[in-house]
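The sequence and the structure are shown first.

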Number of protein chains: 2
Amino acid sequence: MAKVYSDLSVTADGYATGIGQREDAPFGDLDERWLHAWMFEHEADNRAEVAAILDSGATIMGRNMFGPVRGPWDRDWRGWWGPNPPYHHPVFVLTHHPRDPVEMEGGTVFHFVTDGIERALERAREVAGDRDVSVAGGPRTVNRFLAAGLLDELRLHVTPFVAGAGERVFDGVPPQALERVAVRVAPPVTHIPYRVVR
Amino acid sequence: MAKVYSDLSVTADGYATGIGQREDAPFGDLDERWLHAWMFEHEADNRAEVAAILDSGATIMGRNMFGPVRGPWDRDWRGWWGPNPPYHHPVFVLTHHPRDPVEMEGGTVFHFVTDGIERALERAREVAGDRDVSVAGGPRTVNRFLAAGLLDELRLHVTPFVAGAGERVFDGVPPQALERVAVRVAPPVTHIPYRVVR
């Protein structure tokens, strides 16, 4: 059966984003290179893991990952990714504020889901069919899926930095065993995928 | 030059001990097997890492790692480790309450240091000579050494569990880059040693 997975780049102390997220700093006060240098500056060493991130039939994300707009949709924000986002499939954005779907180039359509994570997952599974569903982030959204027992696989990409502040993976997630699936060491990151044990 | 190192077994969410530490539960409400099964139930797979933990000429530890006594030393507590502790060298216990040294079998002598971590490190270096100094724990003590820039190497042993609460490695440690030295994957733990970059 298709699985629900999540990829998070985290610092050694578990932070997946900094505090103070804003339009000119999607990851807030945390130097984005501390999280993502492995993807962009060491792409050849990490090709398989980068490709796996987007290998789903549908994506779910939190509103803060989609953009800096808070409250009602008072501007025509269309994501951080330009006219042709890298998803190429339906993306379900969790929000409290309704908005009509936004169709982008290349097959990405942003749908705005106001009735909770279970419903978002239902809709994502429907359109994904046999393919997996990705919960793209941010950490708070991933933690909500983990806490609700809705995630099958969490792939951590651990970088060699201490962030000291921000939003942490696993915060609010109840105690539980995980199953380490495989570990791959690459410059400069340690890929540790976990399967969630039911 | 001899280095100052620390080994910490931590859960996937970074906890090295639970809350509610007490005499019958040295790691508090955190199931100790979640931290240490790799050492005790999978010893053959992790022999090198286990041996390295104790390969120092002197050890420093926080008072909570030494025992459950709080405040003045109103009982003759001699550690959790029985009459012949595994250290076989001087152990410097950080405390606010003076106490005469306690000599154990096998070469371990517990010294009680009331004048701070720098002084404890000075004394440990003196007796260790050419050998390394270990900061054994708990996490709060390791974090103090990290924050003060006194640690050369932090070896994390990451276990596949979510603890959800307790004392976390890196809490209170300022943002900084680390250098990943090597990673070894063994059942059921991921050994990730970091060198502290100055």
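## Salt bridges within the chains

In this predicted model, the side chains of R155(B) and E153(B) meet in a salt bridge, with 3.5 Å from N to O. R155(B) is buried at a relative accessible area of 12%, and E153(B), with a relative accessibility of 12%, counts as buried too. In chain A, the residues E153(A) and R155(A) belong, together with D7(A), to a network of salt bridges. Side chains of opposite charge can pair when their charged atoms come close, and over all chains the structure holds 32 salt bridges.

A salt bridge of chain A links D24(A) and R22(A), whose side chains meet at 3.4 Å, N to O. Here D24(A) is exposed, its relative accessible area being 66%, while R22(A), at 39% relative accessibility, counts as partly exposed. Another salt bridge is formed by E49(A) and R184(A), with the closest N and O atoms 2.7 Å apart. Because E49(A) lies in helix α2 (residues 47-53) of chain A and R184(A) in strand β12 of chain A, this pair ties together parts that are 135 residues apart in sequence. E49(A) counts as buried, at 13% relative accessibility, whereas R184(A) is partly exposed at 35%.

## A buried aspartate in a loop of chain B

D132(B) is placed in the loop between α4 (117-128) and β7 (133-137) of chain B. With a relative accessible area of 17%, D132(B) is buried, since residues under 20% are counted in that class. The side chain of D132(B) reaches the backbone nitrogen of K3(B) at a distance of 2.8 Å.

Once neighbours within four places in sequence are left aside, the residues in contact with D132(B) are A2(B), K3(B), Y5(B), D55(B), S56(B), G57(B) and A58(B).

## Strand β4 of chain B

Strand β4 (residues 90-94) of chain B is mostly covered, as five of its five residues are buried. In a regular strand the side chains alternate between the two faces of the sheet. For β4(B), both faces are covered: P90(B), F92(B) and L94(B) are buried on one side, and V91(B) and V93(B) are buried on the other.

The strand has pairings with β3(B) and with β6(B). With β3 (residues 58-62) of chain B, β4(B) pairs in the parallel sense over four bridges, and within this pairing V91(B) is the bridge partner of T59(B). With β6 (residues 109-113) of chain B, β4(B) again pairs in the parallel sense, over five bridges, and L94(B) stands opposite V113(B) of β6(B).

The size of an interface is often given as the accessible area lost when the parts come together. Between chain A and chain B, the buried area is about 2,200 Å², of which carbon and sulfur atoms give 61%. Three residues, P160(A), V162(A) and R180(A), supply 26% of the area that chain A buries against chain B, more than any other three residues. The contact takes 30 residues from chain A and 30 residues from chain B.

Two salt bridges are counted between chain A and chain B, one of them formed by R168(A) with D171(B), whose closest N and O atoms are 3.2 Å apart. The count of residue pairs in polar contact between chain A and chain B, both at pLDDT 80 or more, is 12. On the side of chain A that touches chain B, the elements giving two or more residues are β8 (153-159), β9 (161-162), β11 (176-180), β12 (184-186) and β13 (189-196) of chain A. By class, this side of chain A has 22 nonpolar, four polar and four charged residues. Strand pairing also crosses between the chains: β11(A) is joined by two bridges to strand β9 (residues 161-162) of chain B, and the two run antiparallel. In β9(B), V162(B) is the bridge partner of Q176(A).

Terms used:
Residues numbered from 1 in each chain as written. Chains lettered and ligands numbered in written order. Predicted model: local features only at pLDDT ≥ 70, side-chain atom pairs only at ≥ 80, totals over all residues. Heavy atoms only, no water. Contact = heavy atoms within 4.5 Å. Buried area = accessible area lost by both parts, 1.4 Å probe. Salt bridge = Lys/Arg side-chain N within 4 Å of Asp/Glu carboxyl O. Polar contact = N/O pair within 3.5 Å; in protein donor to acceptor, adjacent residues only side chain to side chain. Nonpolar A, V, L, I, M, F, W, Y, C, P; charged D, E, K, R; others polar. Pairing = 2+ DSSP bridges. Buried < 20%, exposed > 50% of the residue type's maximum accessible area, 1.4 Å probe, protein only.
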